[in-house]
Amino acid sequence: MPFDRMTDAILRNLRHDGRMSNAELAQRVGLSPSACLRRVRMLEKEGVIRGYRALVDERSIHGMTTVIVQITLERQTEECLRRFEARVRECADVRECYLMTGDADYLVRVEARDAADYERIHKEELSRMPGVARIQSNFAIRTVVQR
């Protein structure tokens, strides 16, 4: 499927509200419901749309705190990156992890109940991951934008 203005409009609307009905989406982007549904199904089939999820405010449920962690590895060889990434995928406390350019090798988002819980995560999980040379942690004050 070609990536055009219509595809961009569909994705923009679904990013804003993934639960929007097909009829509403079609009306917003100016397509018939059947044509819109065909495009959405094709985007799903091709892996452009990988899924739908609920954004949960962890703070309101569990009083969770977001910690943004920059991790630098001892070396950036393919083997070191592979070992670190395999281990970080197993860590239940890690919500997101990105391979980065710049000073740090990885940017990791962790949810912790409080500072003591993060200390546990830092000591028992993050610092024990293979190849970790440095960890820099930043506690988020509040969420400004989350899409």
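1. A contact here means heavy atoms within 4.5 Å. With that cut-off, 60% of the contacts in the protein chain between residues at least 6 apart in sequence join residues at least 24 apart. A word on the model before you read on: it is a predicted one, where local features need pLDDT of at least 70, side-chain atom pairs count only at pLDDT 80 or more, and totals for chains, interfaces and linings use all residues. Residues are numbered from 1 along each chain as its sequence is written, and side-chain values use heavy atoms, with hydrogens and water left out.

2. Let's start with the overall layout. The domain assignment (bounds come from an automatic or database assignment) gives domain 1 as 5-46 and domain 2 as 58-139. Their C-alpha centres lie 35 Å apart. The protein chain has a radius of gyration of 20 Å, whereas a compact globule of 147 residues would come near 15 Å; this radius is taken over C-alpha atoms, and the globule rule is 2.2 Å times the number of residues to the power 0.38. Along the principal axes, the C-alpha atoms fill a box of roughly 55 × 40 × 25 Å.

3. Next, the secondary structure. There are 6 helices and 4 strands in the protein chain, taken as DSSP runs numbered from the N terminus (helices H or I, at least four residues; strands E, at least two). Read from the N terminus, the order is α-α-α-α-β-α-β-β-α-β.

4. Now the individual pairings. β1 and β3 run antiparallel and are joined by 7 bridges, and I68 stands opposite R109 in β3. β2 and β3 pair in the antiparallel sense over 5 bridges, with Y106 in β3 as the bridge partner of L99. Their hairpin has 6 residues between the strands, and G102 takes a positive phi near 100 degrees there.

5. On burial, 31% of the 147 residues count as buried, meaning under 20% relative accessible area, with exposed over 50% and partly exposed in between (1.4 Å probe, protein chains only). One example is A112 in strand β3, which is buried with a relative accessible area of 0%. A112 and L43 are 69 residues apart in sequence, and their C-alpha atoms are 35 Å apart in space.

6. Finally, the cores. A nonpolar core is a set of buried Ala, Val, Leu, Ile, Met, Phe, Trp, Tyr and Cys residues joined through side-chain atoms within 4.5 Å. The largest has 18 residues, and V69, I71, F84, V110, Y118 and L126 have the most contacts inside it. β1 (65-73), α5 (78-90), β3 (106-112) and α6 (115-124) each give two or more residues to this core. A second, separate core has 13 residues, including M6, L11, V29 and V40. Leaving aside residues up to four places away in sequence, F84 touches I71, L73, C97, Y106, M129, P130 and V132.

How values were computed: Pairing = 2+ DSSP bridges.
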